[in-house]
Amino acid sequence: MADITRRLGWRHLRGAPTAHIRHHRGGKLLHDGPGLSFWFRALTAALSEVPVDDRELAMTFHARTSDFQDVAVQATVTYRISDPAVAATRLDFSVDPDTGAWRGTPLEQLGTLLTETAQQHALDVLARTPLSAALVDGVTAVRERIATGLAGEPRLPATGIEVVAVRVMALRPEPEVERALRTPAREQIQQEADRATYERRAVAVERERTIAENELASQIELARREEQLVDQRGTNARREAEEHAAADAVRAEAEAARTVRLADAEAARTVRLADAEAARTVRLAEAEATRSVRLARAEAEGAREVGEARAQAQAAWLRVHAEVDVATLHALTGTRLAENLPRIDSVTVSPDVLTGLLAKLGTQAQEQA
């Protein structure tokens, strides 16, 4: 269906690529082709839309064979409109200028034409064919006859129709007839199945007998081999006991020799360890005594040197102070005292304090004089 929109009294049509549009105005053809898009006025325009794509027409109809049996035929015809201009003049493909919908039913008319034509040719073939032959080769014969009949039908080219392909999917008789036809085949299949079952059972019985004989022979052979196995196991047990006894004797001798060797080695190791421990103790005692003597000598020498150094320093200090006068000593004493006093930011001297200091200074001056 064409897509038509309205704009202020005008109409705009946009067609699909698979739709052939024919636009007449006043009897003149203005637009003709697939996938067109144009403006037109609805009151003066005559529009036709002819589909040009391939279309599938499924059909089912009944026919009668030469032995008066009804069959149902399922077929599909693929066709297309090869000449849209001819088809538009033979069938009503006109569309409503407001909605774009077909005014008539052209595709239904084409479907009726193709169905009736195909049915006519199929009936002609089946009317001369018995049911058994129709069920075997009827599909191919009906398909070829319908394709040939539609290709030779003069009305289809006159209407612009081209048949692309014809397919016949099934050709079925009535259910009762179909069941009757299936009965012999089913009976034959059942007989073949029964025969196969009997043969399978016979083969199974024969195989079971063979298996039983094989099992009996196997049991006899197993009993004989088991007897041989018992004898061989006794011989192996005796041999194994003898080998174990010999191995135990050898193992005991080796263990005794190893024990003696271990005892000798342990005694020698103990003696070596005792000698080494005694020698190490002696060396440690000698080293400790030597170290003690050296430390004592070093401490005595250090104490003597420290005493001499202190005596020399004291003597030098006394000599220095003996050569300096008393005023210098007082000044040094004040300096040392000032170094050890805390910091004084300000000093307030009262008259009483100043009087006492002056008196002390005068007394000291008299004494010195």
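A residue counts as buried when its relative accessible area is under 20%, and as partly exposed between that value and 50%. The model described here is predicted. The points below cover helix H2 with its buried residues, then salt bridges, of which the structure holds 20.

**Helix H2**

- Helix H2 runs over residues 106-126 and has 21 residues.
- From the first C-alpha to the last, helix H2 reaches 30 Å, close to the 30 Å expected at 1.5 Å a residue.
- The buried residues of helix H2 are Pro106, Leu110, Gly111, Leu113, Leu114, Thr117, Ala118, His121, Ala122, Val125 and Leu126.
- Among the elements that cover these buried residues are three strands: S7 (55-64), S8 (70-81) and S10 (161-173).
- The cover also includes helix H3 (131-151) and helix H4 (155-159).

**Salt bridge of arginine 209 and glutamate 206**

- Arginine 209 pairs with glutamate 206 in a salt bridge, and their closest N and O atoms are 2.3 Å apart.
- Both residues belong to helix H5 (residues 175-323); because they are three residues apart, about one helical turn separates them.
- Arginine 209 is partly exposed, at 41% relative accessible area, and glutamate 206 is partly exposed as well, at 40%.
- This pair is part of a network of salt bridges that links Glu206, Arg209 and Glu213.

**Salt bridge of glutamate 221 and arginine 224**

- Glutamate 221 forms a salt bridge with arginine 224, with 2.1 Å between the closest N and O atoms.
- The two residues lie in helix H5, three residues apart, or about one turn of the helix.
- Glutamate 221 has a relative accessible area of 28% and is partly exposed.
- Arginine 224, at 40% relative accessibility, also counts as partly exposed.

**Salt bridge of glutamate 308 and arginine 304**

- The side chains of glutamate 308 and arginine 304 form a salt bridge, at 2.9 Å from N to O.
- Glutamate 308 and arginine 304 are four residues apart in helix H5, so the separation is about one helical turn.
- Glutamate 308 is partly exposed, with 38% relative accessible area, and arginine 304 is partly exposed at 40%.

- An α-helix has 3.6 residues a turn, so residues three or four places apart point the same way.
- Side chains of opposite charge can pair when their charged atoms come close.

Notes. Residues numbered from 1 in each chain as written. Predicted model: local features only at pLDDT ≥ 70, side-chain atom pairs only at ≥ 80, totals over all residues. Heavy atoms only, no water. Expected span 1.5 Å × (residues − 1). Buried < 20%, exposed > 50% of the residue type's maximum accessible area, 1.4 Å probe, protein only. Contact = heavy atoms within 4.5 Å. Salt bridge = Lys/Arg side-chain N within 4 Å of Asp/Glu carboxyl O.
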